[in-house]
Amino acid sequence: MFPVQFTTVPVRLILNNLDTATRLVQTNRLLTSILDALPYAVMIRSKGGTVLFKNRSCGDVAPEHSMTLDGIPELELCTSQTGSERELLQILAHQLRTPVTGVIWNAELAADASGEQLTDLLSNIRESGDKLNRTVKDLILALELQHDLSAHAPVRVDLITLLRETAAALDLRDRTVNISVTRNRSDDLTVSADQELLRSAFLHIMQNSIDYTQDNTTDIRISLTRDSNKVAVSFSDDGPGMGEESSRVTERFYRGSMSRKTKPDGNGLGLYIADQVAKRHKGKLTVDSSPSGTTVSVEIPTDVADS
Amino acid sequence: MTKHTVLIVEDEGPLLQALTTQFAGKEFDVFQAHNGSEGLEQAAKNKPEIILLDLNMPKMDGATFMEHLRQDEWGKDVPVIILTNLQPDDTIINSLARTNPAYYLIKAEWDLAGIVDKVMEVLQSHPA
């Protein structure tokens with residue numbers, strides 16, 4: 001059909017053969033729908049100036065950047081996006097658009113619905129809204145952590161209590177989730193920390209175990225150990241592991257091939273947030289992953305003075 | 001009047017339900033699938049007149065679904081409308097160029113009525 005590489009700037013394509021160009025635009029629905037899906041302006045016109053097509057993003061003013069194409073239907077445009085920029089854009093576009101679409105479509109139908117159907121549609125709206133809310137919260141938190149903006153005064157946090165509260169907030173996704181906690185009873189397992197940041201970190205780590213385990217039952221084994229001036233909290237599961245790219249899982253927006261296949265709608269922020277929270281507390285996060293399971297460990301100094 | 005048949009392959013529950021409700025209300029028989037693997041099973045079993053296909057799905061994504069579908073004697077000609085929130089990039093387009101869907105639509109930019117209109121347009125140009 002046509003090989004295409006995309007540019008990221010508004011572009012005016014100038015085609016020399018008017019008849020072939022007209023036929024192309026009029027009959028190739030896939031081409032025009034793809035051009036309509038682009039977030040920047042594309043105009044196709046003949047060498048003589050006849051405008052044959054303008055995509056949705058194209059206003060009345062012709063884009064300045066132009067490319068003259070002699071051979072059609074081949075369209076070759078140069079891409080100036082790097083691979084990682086493109087992937088980031090895709091993640092953000094998809095993660096935000098999808099729940100927004102869920103709200104809009106179900107609201108459209110709810111306007112004419114009643115009874116049980118209306119209840120189902122409102123439930124869908126709620127589900128999509130919750131998902132959008134989680135994505136937005138993660139984005140904001142990731143940006144705050146990146147720019148060192150998020151700050152609550154440290155308080156004395158009982159880690160067992162925090163873990164219990166966090167477990168109650170997990171999305172179980174209709175699965176059986178078994179959470180076990182082992183600890184040395186004589187150990188003081190309190191730390192001086194930003195409780196809400198720590199809660200976010202633990203929530204993301206545990207939710208990952210649920211989201212990426214493909215069985216109907218997820219076992220999460222949590223162990224807490226105190227070592228002089230720090231506490232280590234380890235979360236272990238029997239999931240499929242993160243693959244060869246586990247060294248990159250704390251990068252912002254990074255999603256390995258295994259993650260993308262298992263849960264394509266993830267945003268790549270969970271372990272980034274957890275890692276940043278650990279660093280914020282002068283602690284550290286480590287990941288040990290294999291095809292038989294994953295252990296994520298978070299070390300937190302017990303007192304600010306010890307960090 | 002004979003109903004049209006449509007297979008909707010979409011992993012997001014609220015979106016799948018909204019599309020199903022819309023098409024069922026417009027006198028379509030609707031088949032559903034939550035990923036590409038289920039989609040291939042449903043397509044082979046029910047042979048819908050048209051398929052609405054998401055791209056970003058677990059187990060088997062939309063592009064892989066298309067590759068398999070077009071290898072089938074029946075599947076090679078069935079019209080498919082891509083319905084996604086992924087922006088088209090060269091990887092996606094070069095993959096779809098081989099499998100020739102009818103349209104590539106960004107879900108967030110289409111209302112349900114508009115999607116039905118697109119489906120009807122394609123069906124009218126692809127008589128069974």
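Let me start with one cut-off: I call a residue buried if 20 or more other C-beta atoms lie within 10 Å of its own. And before anyone asks, this is a predicted model.

So, take L35(A) as a test case: buried or exposed? It has 27 other C-beta atoms within 10 Å, so L35(A) counts as buried. You'll find L35(A) in helix α2 of chain A, residues 29-37. If we skip residues up to four places away in sequence, L35(A) touches V42(A) and N55(A). There's also S57(A), 22 residues from L35(A) in sequence and 9.2 Å from it in space, C-alpha to C-alpha.

Zooming out to the whole of chain A. We have eight helices and 11 strands in chain A, and of its 307 residues, 31% are buried. Looking at contacts in chain A with a separation of 6 or more, 68% are between residues 24 or more positions apart.

Reading across, the order is β6-β8-β9-β11-β10, so to speak an open sheet of five strands with mixed pairing. At the edges are β6 (176-183) and β10 (284-290) of chain A, each pairing on one side only. From one strand to the next, the twist averages 15°. Inside that sheet, β8 (217-227) and β9 (230-237) of chain A run antiparallel to each other, paired over seven bridges. If you want a residue pair to click on, I222(A) stands opposite F235(A) in β9(A). And there's a helix packed on this sheet: α5 of chain A, residues 159-168, touches β6, β8 and β9 of chain A, and its direction makes about 180° with that of β6(A).

Okay, chain B. Here too we get an open sheet of five strands, in the order β2-β1-β3-β4-β5, and the pairing is parallel. Which strands are at the edges? Those are β2 and β5 of chain B, each pairing on one side only. The twist in this sheet averages 20° from one strand to the next. β3(B) and β4(B), residues 80-84, pair in the parallel sense over three bridges, and the bridge partner of L53(B) in β4(B) is I82(B). On this sheet we find α1(B), which touches β1, β2 and β3 of chain B, with its direction at about 165° to that of β2(B).

Let me stay on chain B for another helix, α2(B), residues 36-46. Its buried residues are G36(B), G39(B) and A43(B). They cover an arc of only 50° around the axis, so they are on the same side of α2(B). What do those buried residues pack against? The partners are β1 (4-9), β2 (28-33), β3 (50-53) and α3 (62-69) of chain B. Just after α2(B), K47(B) takes a positive phi of about 45°.

Next, the cores. The largest nonpolar core has 53 residues, and V6(B), L52(B), I81(B) and I82(B) are those with the most contacts inside it. Helix α1 (13-25) of chain B gives the largest share of this core, five residues. Chain A is involved as well: domain 1 and domain 2 of chain A both give residues to this core, so it lies between them. For L52(B), leaving aside neighbours within four places in sequence, the contacts are V6(B), I8(B), V9(B), L19(B), I81(B) and L83(B). Then there's a second, separate core of 33 residues, with V157(A), A201(A), V231(A) and V249(A) among them.

Last thing, where the chains meet. The contact takes 31 residues from chain B and 37 residues from chain A. On the chain B side, α1, α4 (90-99) and β5 (103-106) each supply at least two residues. The largest share of that side, seven residues, comes from α1(B).

Definitions and conventions:
Residues are numbered from 1 along each chain as its sequence is written. Chains are lettered from A and ligands numbered from 1 in the order in which they are written. This is a predicted model: local features need pLDDT of at least 70, side-chain atom pairs count only at pLDDT 80 or more; totals for chains, interfaces and linings use all residues. A nonpolar core is a set of buried Ala, Val, Leu, Ile, Met, Phe, Trp, Tyr and Cys residues joined through C-beta atoms within 7 Å. A residue is buried if 20 or more other C-beta atoms lie within 10 Å of its own, exposed if 12 or fewer, and partly exposed in between; C-beta atoms are placed from the backbone. Helices (H or I, at least four residues) and strands (E, at least two) are DSSP runs, numbered from the N terminus. Domain bounds come from an automatic or database domain assignment. Two residues are in contact if their C-beta atoms, placed from the backbone, lie within 7 Å. The arc is that of the directions from the helix axis to the C-beta atoms. Two strands pair if DSSP finds at least two bridges between them. Axes are lines fitted to C-alpha atoms, for helices over the stretch in contact, and angles run from 0 to 180 degrees between N-to-C directions.
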